[in-house]
Amino acid sequence: MPSIERDFIPVENLTGGDRECDERPTETSRRRFLELMGASLALAGASGCTRQPPEFILPYVEPPEHAIPGRPRYYATAVPAFGGAEGVIVETHLGRPTKVEGNPAHPASLGAASVRSQASVLDLYDPDRAREVTYLGSTRTWDDFLSAFRLRIEPLRPRNGAGFRLLTETVCSPSLGAQIQAVLTAFPEAVWHQYEPAGDHSARAGAQLAFGRPLNCYFRLDHADVILALDSDFLACGRNSTRMARDFATRRRQGNRLDMNRLYAVECTVSATGGKADHRLPVRYSEVESVARELTNALTSKGAPPSSGKNSAWIAAAAQDLLAHRGRSAIIAGEQQSPVVHALAHQMNAALGNVGKTVNYTEPLEVRPEDEIESLRALMRDMDAGGVEVLLIVGGNPVYNAPADLAFAERLRKVKTAVHAGLHFDETSQLCDWHVPASHFFEEWSDTRAFDGTVTILQPMIEPLYETRSILALLDGIRQYPPRSSYEIVRAYWAGQHKGADFEAWWRKSVCDGLVADSAMPPIEPGLTAWQPQAAADQPGGPEVVFRPDPYIHDGSWSNNNWLQELPRPITKLTWDNAVHLSPTTARNLSLKNEDLVRLRCGARSVEGAVWISQGQPDDSVTVHLGFGRTRGGRAANGAGFNAYLLRTSDAMWAGAPLAIDKTGRTYRLATTQPQQEMAGRDLILENTPEGYRRDPDFVSRTQPEPPKDESLYPTWRYAEHAWGMSIDLTACVNCNACVAACQAENNIPVVGKEEVLRHRAMHWIRIDTYYKGDPERPTLYYQPVPCMQCENAPCELVCPVQATNHSSEGLNDMVYNRCVGTRYCSNNCPYKVRRFNFFLFQDWVTESIKMQRNPDVSVRSRGVMEKCTYCVQRIREAEIRATTQDRRIREGEIQTACQQSCPTQAIVFGDINRPDSQVSRLKAEKLNYALLAELNTRPRTTYLAELRNPNPVLKGEGV
Amino acid sequence: MPQFFPRAANSVARLTLLALVCGTCGLACFGYWIVESPYETRQNVAREQPVPFSHAHHAGGLGIDCRYCHTTVETSSFAGIPPTKICMNCHSQMWAVAPVLQPVRDSYRSGKSLEWTRVHDLPDFVYFDHSVHIHQGIGCSTCHGPVDQMPLTREAASLRMEWCLECHRNPAGYVRPRNRVFDMSYVAPKNQEVLGRRLVADYGIQSLTSCSTCHR
Amino acid sequence: MTENPIYGIVAEFADPGLLVAAVAAVHSRGYRKVETYTPYPIHEVEEILEPGPERRLPRLVLAGGILGTLTAWGMQYYIAAIDYPLNIGGRPLNSWPAFIVIMFELTILFASLTAFFGMLGLCGLPLPHHPLFNLRRFALCSKNRFFLCVEAADPLFEVLEVADLLAGLDPLEVSEVYED
Amino acid sequence: MIIEEQQRHAQRRPDPDVTLPVIGPSQTFSIVTEQISSVPLRRKMPLLWQITFGIGLLLVFVLLISATYLFGKGVGIFGIQIPVAWGFAITNFVWWIGIGHAGTLISAFLLLLNQSWRNSINRFAEAMTIFAVACAGMFPLLHLGRPWLFYWILPYPNTMTVQPQFRSPLVWDVFAVSTYATVSVVFWYLGMIPDLAALRDQSTSRLKYAFYGVLCWGWRGGSRHWRLHESASLLLAGLATPLVLSVHTVVSFDFTIAILPGWHSTIFPPYFVAGAIYSGFAMVLVLALPIRAVFGLHNLITERHINNCAKLMLATGLILAYAYLIEPFTAWYGGSQFEIYAFHNRAFGPYAWAFWLVIACNVAIPQLLWIPRIRISPKPLFVISLAVLYGMWLERYMIIITSLHRDYVPSAWFNFTATIWDNAILFGSIGLFITLFALFVRFLPMISMYEVRTLLPFSAPDGRSEK
């Protein structure tokens, strides 16, 4: 057991206090354990003729305090993310972090966890992480580096550090800010640049326009009756989306679902938010600004002036709706929209009296907010001028993701000494003299801020797996030798900040809780400047290209994460690739079809990508996602998709025009997990409006009647003790796929790779079906999470020849992996097609580090075995065991399935349907409750609540 | 080719038939016997250990409670294998130079774990929890046998699924009062069924035979 | 050769008609241990000779079939309802309609095996060695010749008498067959 | 020599019912016995046999290689996925089992009906059954995810105390197919015992004598033997007839018990049985026509046989056509949108090519059999039979793939594409069949001698033919 630094503080008894163990505490033995597990699983069947190989137990020599082998421990920390960190709780088994869950106390999480937070644990175990210091590719030690770096930087000291440059991503960590400040103090002439490829450039510039200075802006959507999103995907992958989705969904289900909020979305690419909107207006990127202008006019002048635009009716109706909800509305500008749109949104929110109610402003989260593009340009100029002698690049990957016109890679050659510190040896490391491997944030101490400024002190859960250091320690090493540890740095920083008496108690509490109490920044009410938008410039016609960070791998910094690569993108369900998204009309005009390889040209720059026709995409607007096409990203990242950064320039960070689209005549296969997105006229998703529901509360039972229980000749089974069930609220699901990621992490679900996804063999136990309905240019979108339904009359069980799937006494549709012989008949007979089969040995039995992530409570399935969701039966069993040993019954809400736990909108509720007072029973008693394909009489335990949408009656016939 | 086969061929033919029938049955029985035999289950086969630790001496002779070493048996699925530190609590004084304990001292000095061979080794797709069994009145010796009389530790039971199910189907036949769980000298009373039924009712013991009770 | 006891006297015929006539003649003389050997079944012979144990075959097969039905039902009921009762898709433990198929199959299987092995057993097979094979021409019995054998086990058996009788029935050849 | 002289000069009496003779003229006991037994005993195999056997053996190697690769890698080497979790393997299984049906039908059903024309084709038709069942039986094993655990599908005492699940049609399949295989082998072997004795009696070498002598168990052809033999044959025929009807019924249960649209249908059992017999007779003809030509068996396998097989093919083909017609009708009349979609999708979806090829091969082309001349012309008949075999394979492919690839929830819809390994095991199994059949022809009497003898004139004591 590698002992972790003295002071990390576990959260005790937060959730699931004790779990099954893996009984071998040291790392070598753990590995062997997993190997043996594999071997014995493979041989299990032949138990008749094969003896089990011997296993070894390696006990501690001296046990760490509190350690109970066999029970997990939980630590609060946070995942630093774009737009504010998310507080999480990490489950560890004997020192191995295995699962990331939301921290219920943290404002950005409230118990849910985003896809990236979930996947961060896999990043920790990424086998492609940089493991040692390298100089020009050959291995060095940390001391080699520190002394060499000193040799480089000492000559600069007499010049006050002139010639020394530091390039970081946007810094929100107070202690990192202090470290950088300390470096800048030591070298006053040194310059610190920040560049975040998919950062808040527009938001900062927009606030500058509207308020004269950068400000942090966040929303309280639980108070908003009417929301207008200006090209913002705030529900699924925008900044702070976990919390925003929660607030949105809470408000949406208010008043017995009859008092719903209303969401208008104006967007230039199809997003999960747009699909959820009650009214969605697809416009080109460049038109969003004019829509915002028209809206501003309509909201600020008394009575909207008659506008002649094609969207005027839509805008007028939205404006009217907003005006009718002054102080209870919110206008959200998308991170990728122009500064003008941001400024207009600020003005509109102010005009509507939303500030301080649904819209809050605070001082910036960034340690030093600045125009990052300008900062990067300045660095480039200085590089050209030869003024950069030592460049320390901390995090980030500018060679890959800096704007193409800045030619970062070429200019980097002009730097005498370039050092890159990061998790991976990437494109930038390759061109730098030194690469120093950084620790993962689960390995070191640090701190960060959430969307409202709330501070979380990040604590390590595991000793660094490799010879890595924290960034804090690295920067400390510039100034002094030996550098302090990250623990000392963070603790010293907060000791300096803490005003009270008992620092030790405060420290322990803050670390243990996962947040520093009352550290949110106070809201301010900024005054607007006199800025007025200039008259709209003539919009260039012809195709435009829109850049978006990928919903999962973001700007590419997560691109070597297998889970994220294979997680289906919210609408398209694409995996492992980005694509050139076109509207059906544009594709028709260019006579392109899906998977045609096209060449996108923007001036002299060009890139090739495969076409994906997206219903609802505006015409002549092409969306491409950033973060793909890596060349030194690792085994998952390399070769996935194309690099859209090659088209992106510093003056057109989010959209570029004109764009030329040339057919190459070649094709490139794209792997989607759901090729069929039409519902084929089937009543899979029931929907209504609150008005319609009020008028006809029984519409669900009429359209999808439940077959009577006594219709069978057979007697009905009774479930005496517990009867587990699940309710999924379609109104709340926003297609963020956090449940899919959580399920993958919890249940040791393997990643199969693009080739196998192409053969439709992806293994996710829960999927979010996404359907289009209506006009392909302006479709309505539907989301439906589909896990195993745990049918009481399970068709799958009936056909299994070996009883490998059968019903537990609690009504679970058990799947006994070790009994399965792999006839796959059960999958054939599953009307919901939720069973997944190990066609090959999909599990990675080879990569050592990946094995450490596995949940020891769940069997690792081998080849030839069917698998599926069992409502996280391991959690149920542990709760039952815990309740039994404490001589009590299981408490309502004690068991949360992984999907439920991670769901930001609480769309998934699990519980005991034998208890009439349980939440799931109450939901199932609602009149919106229906079973998917009820007519088959499978009697699923998982049921849905019909979707309610709240369209504006004024906009009838305008499309949603 | 008149009378090719000798007279004995008649007997040979019939005996061959008989042998085929008996052989097939015999082979099946032999296979089943092998599967049930200690060769397969390693029941009652003592394992080689780095230190010839004797439960008979420590638990039987000295009367050390099970929980002194197996500290987590009441709180965790895993009963716990004592850290070297626990061995050294006594053996830094007693038998402090005994050669047989050299590996223990080496471990303590070097910080490297002792490598014990697992004796009770369930397949990895089986999830067994000690704490709940202990809590519900299943004694140590019910599954582990008279450990206090074992100079070298061995499995007292086959650990086959059928063996687990014997008790899971009929807990009343095996359960004992909670306060006797760690009592190695406990002998099931004559009226076990009566006592068992009462305890099953008192402790709320269910007969759990769903697959996901143990496999998940 | 002559040391060995005699097994019987065999007459060889070229025509099934002659054989039937010969059987009738021998039978009318009171010989009962009489057997014909022919290249294909000749029902007229069977009508003359008394039926042997072959009458038991249909009853054996019926018993085999019933045993199969009961085995199948018993096995399925025991396994599904007694041995390890499990809830399969909400169906009752004794889902007898689902058990019918295997009951039918095992009925057929047991009955068929009974028919096959019963036939061999009642025929007294396997018996690769038999005194008749000592007769070289007996090989033609599976091709185009029809044989009649009066066995020495018959109480009326008398070598000369039988040989005479057979010789008068228009055989191709009459031979004595000895045990060895 | 009297009787054989008579036979040689016998004039065939005109039979008012039958226009074509069931056996050629001037046949005697010796001629048929020697002609048939000369193949296993003496004859050097003709070139065509050697080529066929060579091809078969080659394909068996393909099968072995594929199976090795399959067991090493997993069933992922096939084109199957979720939703189409069954593909070629099950298609092949159903196809081969179906082919087997004609053999049992000829030997058992026609025996019960006293159809003497079966006598000269029943032996190799039964052999065909057994080899087809052997090929079929291979596939459930090959398609398992963990084939090394196949024995878990059988009930046997085990330490887990877990047994098969008898509500699953796959377990029924195991029992049905293994019973069918056992009964077919028993029936075939029982019928062969007298002929093995004949081979024994005509053996020229000690090795052959020993080989056939052991195989025939010491058969002597006594009247009691014959009586028991006939009794057992009739009993077995009586048992095999319902069995053969049940086997494809049970196979169809694999589909009907499932709830998939296009599978869950009460018409399947008769539909499958008819289809099975249909393909079986096609296979009988595909085997009989070349055998007849290569071994010069025109005297024993006459135009009568070929004509009858063709007629049966036509009849079962028409039953099948009726089933094709009634299936979509039931779907439409039942009004379930899923069923209606399934049949619409079959005819006009991504696998429409398969559907229309099935219609062409199984319904359209065989209508040529209405023409009497075609029914007795070997070449057209051979081609039609091949078309039917292909059509019947495709029919199972269509049923399995189209129902699976688009069932209830559209989000899970996905098309099936076969891989090279799918094709390798299909052709490998055909190779196995060819090899086994070629070996059968080489070593065992391919036509029942004792039954053919009864067809000859003067075989009965009163001077007529026995049957």
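Predicted model: local features only at pLDDT ≥ 70, side-chain atom pairs only at ≥ 80, totals over all residues.
View 1. When neighbours within four places in sequence are left aside, the contacts of E792(A) include Y719(A), H807(A), T938(A), R939(A) and R941(A).

**View 2. Cis peptide bond between Y481(A) and P482(A).** Most peptide bonds are trans. The bond that joins Y481(A) to P482(A) is cis, with omega at about -5°. P482(A) belongs to the loop that runs between α15 (471-479) and α16 (486-497) of chain A.

**View 3. Cis peptide bond between L125(C) and P126(C).** In chain C, a cis peptide bond links L125(C) with P126(C), and its omega is about 5°. P126(C) sits in the loop between α4 (96-123) and β3 (146-151) of that chain.

**View 4. Positive phi at L94(A).** Most residues other than glycine have a negative phi. For L94(A), phi is positive, near 45°. This residue occupies the loop between β4 (86-93) and β5 (96-102) of chain A. Is L94(A) buried or exposed? With a relative accessible area of 9%, L94(A) is buried.

**View 5. Positive phi at N114(D).** Phi of N114(D), a residue other than glycine, has a positive value near 60°. N114(D) is located in the loop between α4 (88-112) and α5 (122-142) of chain D. Its relative accessibility is 57%, so N114(D) counts as exposed, the cut-off for that class being over 50%.

**View 6. Packing of helices α5 and α6 in chain B.** Two packed helices are described by the angle between their axes and the distance between the axes. For helix α5 (residues 84-91) and helix α6 (residues 102-110) of chain B, the angle is about 115° and the axes are 10 Å apart. The crossing of α5(B) and α6(B) is left-handed. On the side of α5(B), the contact is made by T84(B), K85(B), C87(B) and M88(B); α6(B) contributes V104(B), R105(B), S107(B) and Y108(B). Sorted by class, the residues of this contact between α5(B) and α6(B) are four nonpolar, two polar and two charged.

Note on methods:
Residues numbered from 1 in each chain as written. Chains lettered and ligands numbered in written order. Heavy atoms only, no water. Helix = DSSP H or I, 4+ residues; strand = E, 2+ residues; numbered from the N terminus. Buried < 20%, exposed > 50% of the residue type's maximum accessible area, 1.4 Å probe, protein only. Contact = heavy atoms within 4.5 Å. Axes fitted to C-alpha atoms, helices over the stretch in contact; angles between N-to-C directions. Left-handed = near helix turned anticlockwise from the far one by under 90°. Nonpolar A, V, L, I, M, F, W, Y, C, P; charged D, E, K, R; others polar.
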